[in-house]
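Have a browse through the model first.

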Amino acid sequence: MTLPPFALHRPRSVPEAEELLARYGDDAALYCGGTELLLVMKLGLASYPNLVDLKGIPELHVLEEREGELRVGAAVTHHQLECSPLVRRLVPPLAEMERRVANVRVRSVGTLGGNLCFSDPHSDPATFLLASGAELVCRRGSAERTISIGEFVRGPYETALEPKELLTEIRIPALPAGTALAHEKFSMHERPALTVSCFMRAEDSRVAEARIAVGSVSAIPARVLDAESALVGLSPRSDAERLETAGEIAADAVSPFADLNGSVEYKRNLVRVFVSRCCATAMERVFPA
Ligand SMILES: Cc1cc2nc3c(=O)[nH]c(=O)nc-3n(C[C@H](O)[C@H](O)[C@H](O)COP(=O)(O)OP(=O)(O)OC[C@H]3O[C@@H](n4cnc5c(N)ncnc54)[C@H](O)[C@@H]3O)c2cc1C
């Protein structure tokens, strides 16, 4: 596995990166940590004579709190998110989830933006961000648009990014008191075979709102609306069977594909177990003892 030769370009701004993409067209590709792109090139699945390295663009390294959101530049690495005191204060389960992505080598260079733009179906962040209600900022020229993560992820290795458009920022709502998030994964190989995230908001000691996202078993992560409805109205005294019901509903609702991680039936079983487990963790967090 050797890399084909390429010229490396290091823009210092988003317009400079766009200018390089316009100049080289299909002969250029963006990259950030390179953990996906360079692997694809080493395997001979793609070849680009020009690589545009986004790491030198300061605005893609933003990590700040603004308007009740955590704002994460696309070039922020998994490791930075795992260790950031700001992340741990505003969205602690994000740091927890990031700590379990890949291995320390991949986390230290791989970025949140690269993970989402590559759109591997076996993504922890895509599932987590769907449950958390995150939005993504995409830019081409002076045109900037903000879309939900659900709109962004179109399919395996396919996103809503237009040609020459960059993902610049990920906006994640901070978790105020009375809300909770939990994330679960199951892996047999390097990448997860299943990812589940659950968001809950409590009001008057009852679950007032819930979002459950299931990913990595099918083409794209998806919300399971009927399972979410089964959680609304639960209180700390509710029977644990109600959480198992949510798991069963989710297992029926998802459309898994069979692959090296297991059969359709096996994956439905994983979804059943992990959805109820993830919802139980979210319940414990939203109604602390
Ligand atoms: C061994 C291994 C284990 C892994 N395990 C997990 C796991 O457990 N969970 C999980 O979720 N992921 C896992 N991953 C995936 C990992 O998270 C990604 O490889 C990493 O986040 C990609 O980021 P990057 O910056 O290296 O992407 P790059 O390789 O630099 O880029 C990936 C793609 O995104 C495009 N791109 C990058 N940034 C932008 C941008 N700002 N705008 C537009 N396009 C852009 C590039 O053109 C390229 O096509 C694993 C990967 C490996 C190699």
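How many residues lie between strand 12 and strand 13 in their hairpin, and which residue in the turn has a positive phi? The model is a predicted one, and in it two residues separate the strands, with aspartate 204 having a positive phi of about 50 degrees.

## Strand 13 and its neighbours

Strand 12 covers residues 194-203 and pairs with strand 13 in the antiparallel sense, over nine bridges.

How enclosed is strand 13? Seven of the 10 residues in strand 13 (residues 206-215) are buried, so the rest of the structure largely encloses it.

## The cavity

Searching the whole structure turns up one cavity of 30 Å³ or more. The largest cavity holds about 60 Å³ of space. Its lining is made of 13 residues, and those closest to the centre are Ser119, Asp120, Ser123, Ala126 and Val153.

By class, the lining of the largest cavity comes out as eight nonpolar, four polar and one charged. Helix 7 (112-118) and strand 8 (153-155) each contribute at least two lining residues. Why does the cavity lie between domain 2 and domain 3? Domain 2 (58-173) and domain 3 (179-286) both give residues to the lining, so the largest cavity lies between them.

Definitions and conventions: Residues numbered from 1 in each chain as written. Predicted model: local features only at pLDDT ≥ 70, side-chain atom pairs only at ≥ 80, totals over all residues. Heavy atoms only, no water. 1 Å grid on protein atoms, 1.4 Å probe; cavity = no way out; pocket = protein on both sides within 12 Å on 5 of 7 lines; lining within 4 Å. Points joined across faces, edges and corners; volume = space filled by probe spheres on them. Helix = DSSP H or I, 4+ residues; strand = E, 2+ residues; numbered from the N terminus. Nonpolar A, V, L, I, M, F, W, Y, C, P; charged D, E, K, R; others polar. Domains from an automatic or database assignment. Buried < 20%, exposed > 50% of the residue type's maximum accessible area, 1.4 Å probe, protein only. Pairing = 2+ DSSP bridges.
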